[in-house]
Amino acid sequence: MPYVDAIIQETLRWFPVIPLGIPHAAINDDVYEDHFIPKWATVTADTWSMARNAEKYPNPTRFIPERHMPKVTTKAEEPSAHHGRDDVSFAFGFGRRVCVGRYVAEASLFAAIVNILCGFPD
């Protein structure tokens, strides 16, 4: 079932449900990386761009679930060299405002995919 987990992660990365996130309002004046954010300004997180980061996700427009699975190593390679499971939690929001139903959503996606796959013969 690790491949089903990888498919879910890649699906959430490939096409985020809310590409620009949910707008928030700044409650105080703030400065972020030399950018002034005035009080009550609307702030959105561009999850679409985060999911398309070519440095983190090579060939970001392609659907490649294997990028979320551990890399199979050979004897010549270091055993610790792996891709590792990538966390695409940005699909569910950030910080204190993260979606409270994210675990239910991930479990529902897993159950739905596994049930669909059960309908196919070996």
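1. Glu-10 and Arg-13 sit three residues apart in helix H1, so about one helical turn separates them. Helix H1 covers residues 2-14. Helices here are DSSP runs (H or I, at least four residues), numbered from the N terminus.

2. This is a predicted model: local features need pLDDT of at least 70, side-chain atom pairs count only at pLDDT 80 or more, and totals for chains, interfaces and linings use all residues. Residues are numbered from 1 along each chain as its sequence is written, and side-chain values use heavy atoms, leaving out hydrogens and water.

3. The structure has two salt bridges. A salt bridge is a side-chain nitrogen of Lys or Arg within 4 Å of a carboxyl oxygen of Asp or Glu. Glu-10 pairs with Arg-13, with the closest N and O atoms 2.8 Å apart. Side chains of opposite charge can pair when their charged atoms come close.

4. Glu-10 also forms a salt bridge with Arg-67 (3.2 Å, N to O). Glu-10 is in helix H1 and Arg-67 is in the loop between helix H2 (47-51) and helix H3 (102-118), so the pair ties together parts 57 residues apart in sequence.

5. Arg-13 counts as buried because its relative accessibility is 0%. Buried means under 20% relative accessible area (1.4 Å probe, protein chains only).

6. Arg-13 has contacts beyond its neighbours within four places in sequence, including Tyr-57, His-68 and Phe-90. Contact means heavy atoms within 4.5 Å.

Terms used. Helix = DSSP H or I, 4+ residues; strand = E, 2+ residues; numbered from the N terminus. Buried < 20%, exposed > 50% of the residue type's maximum accessible area, 1.4 Å probe, protein only.
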